[in-house]
Amino acid sequence: MRPRRPRTATTRTLIAAAVVAVVISGCGAGHYNQVSCAASHQAIFLLEAQAIPSATLIPCTLPFPGGWSYGGSEVRSGLARFWLDSDRAGADAAEVRLTRTCDLTGATQLPPASGGAPVRRYQEPAARQPHATIRYYLFTGGCVRYRFSFTRQTAPELFDQADQFLGFTPRSVYVNGVRDDHGLTLCGAEAPPCPG
């Protein structure tokens, strides 16, 4: 059994390793889908799990059709976001923002998605954003705001595509991976209590 490091050293080490990996892998970001649900080893997911430690789910993308690509990401304490570009709708055509909570005032609850993660879905009224679509996915410890820069009426084919490729990975995947690969604890939801 490996000795446990103090929490601050563990957190710093994990964040430093993840940042280095993101910077190195960012060189080919346009050609590599860094937020794919199938690529759970990507450092961006560790950063997301650290940024919102209460979230039991981490957003990712299911395979998307040609014409869509990873645009970039931003992760800081309390916020993790990434965006996707479209050859038809332009840069930042879809944006995913993970935070601890969302303001659902006026949003309408949507029926549950079939076979998906255990989330409650909501949609913001069209009157608030007449040229965009904003959905919320609420789950234990977190909320995802998913924005399309178009509506079903203005771009029906793109809407149907974007509506299908938001996915979620349980945070426990990353908790277990950090423990198994490095003998460290990724503090927060789905992890044993951290000292201090």
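Colleague: Are Cys37 and Cys60 buried or exposed?
Modeller: Cys37 and Cys60 are buried, where buried means under 20% relative accessible area, exposed over 50% and partly exposed in between, with a 1.4 Å probe and protein chains only. Keep in mind that this is a predicted model: local features need pLDDT of at least 70, side-chain atom pairs count only at pLDDT 80 or more, and totals for chains, interfaces and linings use all residues. Residues are numbered from 1 along each chain as its sequence is written, and side-chain values use heavy atoms, leaving out hydrogens and water.

Colleague: What joins Cys37 to Cys60?
Modeller: A disulfide, S to S 2.0 Å; the term stands for a pair of cysteine sulfur atoms within 2.5 Å. Cys37 sits in the loop between helix H1 (7-25) and H2, and Cys60 in strand E1 (residues 57-61), so the pair ties together parts 23 residues apart in sequence. Helices (H or I, at least four residues) and strands (E, at least two) are DSSP runs, numbered from the N terminus.

Colleague: How many disulfides does the count come to?
Modeller: Three. Cys102 is joined to Cys143 (S to S 2.0 Å), and Cys187 to Cys194, with sulfur atoms 1.9 Å apart.

Colleague: Which hand does the disulfide of Cys102 and Cys143 have?
Modeller: The torsion about the S-S bond of Cys102 and Cys143 is about -110 degrees, so that disulfide is left-handed. The link of Cys37 and Cys60 is right-handed, with 95 degrees about the S-S bond.

Colleague: OK, the sheet now. What is the order of its seven strands?
Modeller: The order is E2-E3-E4-E8-E7-E6-E5, in an open sheet with antiparallel pairing. Two strands pair if DSSP finds at least two bridges between them.

Colleague: And which are the edge strands?
Modeller: Strand E2 (68-76) and strand E5 (108-109), as each pairs on one side only. Helix H2 (residues 43-51) packs on the sheet, touching E2, E3 and strand E4 (90-99); contact here means heavy atoms within 4.5 Å.

Technical notes:
Axes are lines fitted to C-alpha atoms, for helices over the stretch in contact, and angles run from 0 to 180 degrees between N-to-C directions.
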